[in-house]
Amino acid sequence: MANHYNYIDGSWVPSDSGELFENRNPADQSDLIGLFQQSTSSDADRAIEAARRAYLRWRLVPAPRRAEILFRAAQLIANRKEELARDMTREMGKVLDETRGDVQEAIDMTFFMAGEGRRQYGQTVPSELRDKFAMSVRQPLGVAAIITPWNFPMAIPSWKIIPALVCGNTVVFKPATLTPLSAVSFVKVLEEAGIPKGVVNLVTGGGEQVGAALTVAEEVRVVSFTGSTAVGRTVSERTAPSFKKTHLEMGGKNVILIMDDANLELAVEGCLWGGFGTSGQRCTAASRVVVHEKVYRAFLDQFVERARALRVGNGLDPSTQMGPSVSRGQLETVTRYVEIGRKEGARLACGGGVLAGGVHAKGFFHEPTIFADVAPGMRIAQEEIFGPVVSVIPCRSFEEAVEIGNGVQYGLSASIYTQDVNRAFAAMRDLYTGIFYVNAPTIGAEVHLPFGGTKATGNGHREAGTAALDVFSEWKSVYVDFSGRLQRAQIDPTEL
Ligand code: NAD
């Protein structure tokens, strides 16, 4: 068991605080993964200063050369995929197939974004004047602060750090305190790939100590945050006075609509993995299922039967289908909402309890839980629980289903199961979310398309795809007059 350090200005260093925090396996609390730096705002400030100085050189490195380092990093992650996935399962609990998927997303994103080293297209347009060039180019912003959650410990940092770097920014990375090992491993890969000192800095520790310092520092010019809506709001308020560009990806209450013509077998499968994958701890988790009354009973019976049969346990065991909640606090949130659902009058169709004996004795396990006959306004159908709890809501028509789907404060991901192409397209148009699926669950993004949400989920930016470049660069419009004379903006007709 090792002590892990911050990475500042190219060196692995202890925090000024001299304090450490423990990282333990949520499936087995006796498994201590490591000790990490409990950093303070002064560590964050040193990292920002290192990044500020490194920016002076990194911004001038040609983008294709920056990309060469990133291509090497992608290959190193690929070489270590299995080891990184196992570490991640130990660290935050999701099953191995899911952590392999998480690492694979980091590989895909790093290869994809490294490719942007030779693109980052701007525009060239005809000028209004003779002998004049008009174009727009991307320019980096400076120091980027990257603040990430624990549920995708390698994928989400890669979605932010790699585009930041390929655009020419330098980085201070503050990962979630529940997943510092994956963050350390990711930064070690970048170091080994040849990232120059100061270009990427890692500071572990609490949100109010490290994260808050990053949001207020003048030298930080862009903040990319993924986490809860409550913290995102605080981040937004703190970055506003210094006019930082602020990219927020926040909570969700995603919905699957099941119409009366749906392939029910497929829909049940989608709801199972959409609702209980990663123990319901995905921002895109399908925590609401709206079902047409004609197929409501048939769907619910099959869904409950499949949920009851899910094998819950340690994610390192290949037979496990659902892992633990990430922490005691998260498990307590789940049990609190189960109680709220009961009191609101929803019908508990399966689950509802903590799993505490045998293989579950040392971890934070909860049964896959389904509430039936849920009214759309109930708190369990409105608030993000972030656990294995799905609300099933009956509806009478397509129009009502869409209204229920839109009737929450969030807008990340939605899906419809139907055989009717007209309904599928109408739902795609009318559900106000950033991501939409037809005959597939609300989860599973591909790195080359934009990712993000509307309303209280996001503030209008997107990550992934080339949209990520818009977060980490700004446009500069450039006019080059090579006529050698003063030209007027309005063209003199006699010159045509
Ligand atoms: P969180 O909001 O508690 O923490 C996110 C990060 O912010 C952590 O690194 C945390 O230490 C830091 N932080 C906390 N207080 C801070 C402050 N005052 N200033 C700056 N940083 C601070 O979220 P979490 O529990 O780690 O993650 C779960 C949440 O993330 C869920 O709401 C989930 O929906 C959301 N999420 C959203 C997406 C998306 O793309 N929309 C993706 C994954 C997770």
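This report walks through sheets, cores and ring contacts in a predicted model.

## The open sheet

Three strands make up an open sheet, in the order β1-β5-β4. The pairing in this sheet is mixed. Its edges are β1 (2-3) and β4 (20-25), and each of these pairs on one side only.

β4 pairs with β5 (residues 28-37) in the antiparallel sense, over six bridges. One point of reference is N23, whose bridge partner in β5 is G34. Helix α6 (residues 180-193) lies across β4 and β5. The angle between α6 and β5 is about 45°.

## A buried strand

Strand β8 covers residues 143-147. Five of its five residues are buried, so β8 is largely enclosed by the rest of the structure. Its side chains point two ways. V143, A145 and I147 point one way, while A144 and I146 point the other way. All of them are buried.

β8 has a partner in strand β9 (residues 170-174). The two strands run in the parallel sense, and five bridges join them. Within this pairing, A145 stands opposite V172 of β9.

## Nonpolar cores

The largest nonpolar core holds 68 residues. L165 and L190 have the most contacts inside it. Setting aside neighbours within four places in sequence, L190 is in contact with L70, A73, I161, I162, I195 and V200.

## Aromatic pairs

The model has seven aromatic pairs. One of them joins Y7 and W12. Their rings are tilted, with 40° between the planes and 4.6 Å from centre to centre. W12 has 25%, so it counts as partly exposed.

Ring pairs also link F276, F299 and F303 into a cluster.

## Charges over rings

The charged end of K94 is over the ring of F152, 3.8 Å from the ring centre. R66 lies over the face of W58, and here the distance to the ring centre is 6.0 Å.

Terms used
Residues numbered from 1 in each chain as written. Predicted model: local features only at pLDDT ≥ 70, side-chain atom pairs only at ≥ 80, totals over all residues. Heavy atoms only, no water. Pairing = 2+ DSSP bridges. Helix = DSSP H or I, 4+ residues; strand = E, 2+ residues; numbered from the N terminus. Contact = heavy atoms within 4.5 Å. Axes fitted to C-alpha atoms, helices over the stretch in contact; angles between N-to-C directions. Phe/Tyr/Trp six-rings, centres within 6.5 Å; stacked < 30°, edge-to-face > 60°. Buried < 20%, exposed > 50% of the residue type's maximum accessible area, 1.4 Å probe, protein only. Lys NZ or Arg CZ within 6 Å of the ring centre and 35° of its normal. Core = buried A, V, L, I, M, F, W, Y, C linked by side-chain atoms within 4.5 Å.
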